[in-house]
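Here's a quick briefing to read with the model open beside you.

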Amino acid sequence: MNFGDGINPSPLLSNDEANLQSSAIEQDAVSALTLTDFQTIDLPSWRHPILSTNAYLSRLSSVFSSRYLSFLAIDNFALSGGVMSLLWSVSLPLFKELGISASRQQLYTTMIISPFALKPFIGVASDLFPIRGYNKRYIALFSIFLGLFGCSMLLVLYHTGSASAAVSQGPASVQRLADLIVVCCFAMNLEVATLEIMAEGKYSELMRLHPESGSSIITFKFVWSVAGMILTQTYVGPLSDKGYFHVIFWIALVLLSSPFFPTLWGWIPEKKRRIEEQGMAKAGCCGILFDRGLFQKKKTPFIAIAMSGLAAPLMSAVSTYANLGIGLVCLCFVLLALVATTYAVFPFTVFRITLGMMLLMLCRIRLTSGLSYFYTANSKCLPDGKKFICFTNFITVLHQYNIHRPFVLGPQFSYTFYITLTGIIGSVIHLIAVMLYQTYMSSWKFRPALMFTIGIGSLATIVDLIIVMRWNVAVGVPDKVFFLLGNATFENLTNILHAIPMSAISAKIAPPGMESAVFAYSVGIGTFCFMVSNLLGSVIIEWSGMKTVGEDCNFDNLPYLIVVFQILVPLLVGLPSTLFIPNVLQTEQLIDWKKEKWYEDETTDPDQTFDSDQEAINDEVPGSQDEPLL
């Protein structure tokens, strides 16, 4: 997601005077860009991939600044696609080595990703409290230092032999080490989440100003994220198989440091704020300012957005470290409070869309840890043996041919296969899915696009069911072949096809003047619902009685969980939930803010564009007279 030349990206929630200056020349140029221009020139084509891609990038650079595009590329490649993918992938072998069960591992994973639910709080803080005149730069730099500190501590805590030493000392030692690992990973993901929201506020703002661009900006972000994922997955699996986790953390340290200089040099364009501005006041030492005027004007949504960002990590911590049952009850109350707050604070259209997105996220209950532990279970957990294969009546004949055939009770995938090989194939499928979406589905309306992806997404999980039931082995198809052809391709394809319209909806519901905060609120609620579905999955795995570590593991109830929570619930809840989403084209505005008149100043024209970003770029040159580099 990306923006650029000819636009003055002011602070995420800039004051009205800074936000609403416009250039008549740019206004004419923008109005000249038609929907056809973006569909026929901007989007890469299968027929002419090189020429169309060059035209696509050229048009992006002419409309959105090259420095900002470069920052987005670095951020998504190194952090969103690199560090976040690394932490997500390495958590499975890391916690399995410590003997952590699947249910507990899913709780830890939820806590590790909870910084992304903090995005609303981070967005509000950056908008209201400029540091040394900048809303984004120094908050982003602070998060980089925090991420580097967390990774450095992880390198100190976890080295070769740490897991075996902790296991030999008993469960208490394992618990302490696991808790410290989670805290360090939390700090690393906090950097990823902060830099994401610092950049995402801009494309939300500019997608509203340029609705004709459709999802083309989303495509740019996904391509760089997937490229980072591919590179990350090439080494995480082999290094995990050998137990070289400290090498993985050294690589993470390099990735975490990569956005430092682009952030310091102001590649996220913003105009410098000054104490002389109306409503601006000092908030303490270190050059921190407080935009009191903006806060007073939009106090209620600011407070609601900030509180929603703090709720999810706190509830996740309660669920993980105190009591899972109490945490889930609290999460349900917070979820209802978020629904009520959205209804009370925002226009009804925003409430309706947000409710639909919440239901779409909640209906996808995660059983990720249970499936991952099954696929990677070793011979002690799921030993080889002879077992009668039970089938439904319509394939009873197959039973006659395979009844005495020895087979493996579990696939016993290595991490090199499960993380690296399937991950790379899945990432390539992601790229193909992005191209397919841009070519064939970007012209669809939101509602049928979501219905289609929900339907095929539910069908994709049948692949997991077949492998868990061992039906593929019965007909002579090896686990690895079936997994690669099914799970690694089909499921990854459906996941990305679903993610693109969801991301576009989050960006398009942001109102004028509050693009960053409301976008962060939308994304934060989505992350919160994702965490709730993770915690529900953890409870379901534990409740099912599955044994996922040690010897003689038991995954007997896993097929039933797949059918109910991965196939039936998404279809029964997800499909009706799409009716809450306006049935408009993805290149159209979801909300007519002129009609809503929500927090709109009498002198404000929501359709005005920002003036040239040359003044902001001049202010951003590091080392200027009024500002030292650090």
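Val573 has a relative accessibility of 33%, so this residue counts as partly exposed. Keep in mind that you're looking at a predicted model. Val573 sits in helix α27, which covers residues 558-577, and belongs to a nonpolar patch on the surface.

**The surface**

- Zooming out, the chain exposes about 24,600 Å², and 67% of that comes from carbon and sulfur atoms.

**The whole chain**

- The chain has 29 helices and four strands.
- Of its 630 residues, 58% are buried.
- Take the contacts with a separation of 6 or more: 85% of them are between residues 24 or more positions apart.

**The nonpolar core**

- The largest nonpolar core has 166 residues, and the ones touching the most other members are Phe95, Leu98, Ile181, Ile505 and Phe555. Helix α10 gives the most to this core, with 16 residues.
- Who does Leu98 touch, once you skip residues up to four places away in sequence? The answer is Ala163, Ala166, Val167, Val174, Leu177, Ala178 and Ile181.
- Val192 is found in helix α10, which runs over residues 171-209. Its relative accessibility is 0%, so Val192 counts as buried.
- Val192 and Leu79 are 113 residues apart along the chain, yet their C-alpha atoms are separated by 5.6 Å.
- Leu79 is one of the contacts of Val192 beyond four places in sequence; the others are Ser80, Val83, Met84 and Phe116.

**A covered helix**

- Helix α17 takes in residues 348-362, 15 residues in total. From first C-alpha to last, α17 reaches 21 Å, close to the 21 Å expected at 1.5 Å a residue.
- Is α17 mostly covered or mostly open? It's mostly covered, as twelve of its 15 residues are buried. Among them are Phe351, Ile353, Leu355 and Met358.

**Salt bridges**

- Side chains of opposite charge can pair when their charged atoms come close. In this chain the count comes to five salt bridges.
- Glu196 pairs with Lys119, with 2.6 Å between the closest N and O atoms. This pair links distant parts of the chain, since Glu196 is in helix α10 and Lys119 in helix α7 (residues 119-128), 77 residues apart.
- Both partners are tucked away: Glu196 is buried at 7% relative accessible area, and Lys119 counts as buried at 3%.
- Lys136 and Glu270 make another salt bridge, with their closest N and O atoms 3.4 Å apart. Lys136 is in the loop between α7 and α8, and Glu270 is in the loop between α13 and β1, so the pair ties together parts that are 134 residues apart in sequence.
- Lys136 counts as buried, with 0% relative accessibility, and Glu270 is buried too, at 1%.
- Arg273 and Glu277 meet in a salt bridge of 3.0 Å, N to O. Along with Asp291, these residues form one network through salt bridges that share partners.
- Arg273 is buried, with a relative accessible area of 4%, while Glu277 is partly exposed, at 22%.

How values were computed:
Residues numbered from 1 in each chain as written. Predicted model: local features only at pLDDT ≥ 70, side-chain atom pairs only at ≥ 80, totals over all residues. Heavy atoms only, no water. Patch = residues over 30% accessible without salt bridge, like charges linked within 9 Å, V, L, I, M, F, W, Y side chains within 5 Å. Areas by Shrake-Rupley, 256 points an atom, 1.4 Å probe, with all protein chains shown as cover. Salt bridge = Lys/Arg side-chain N within 4 Å of Asp/Glu carboxyl O. Helix = DSSP H or I, 4+ residues; strand = E, 2+ residues; numbered from the N terminus. Buried < 20%, exposed > 50% of the residue type's maximum accessible area, 1.4 Å probe, protein only. Expected span 1.5 Å × (residues − 1). Contact = heavy atoms within 4.5 Å. Core = buried A, V, L, I, M, F, W, Y, C linked by side-chain atoms within 4.5 Å.
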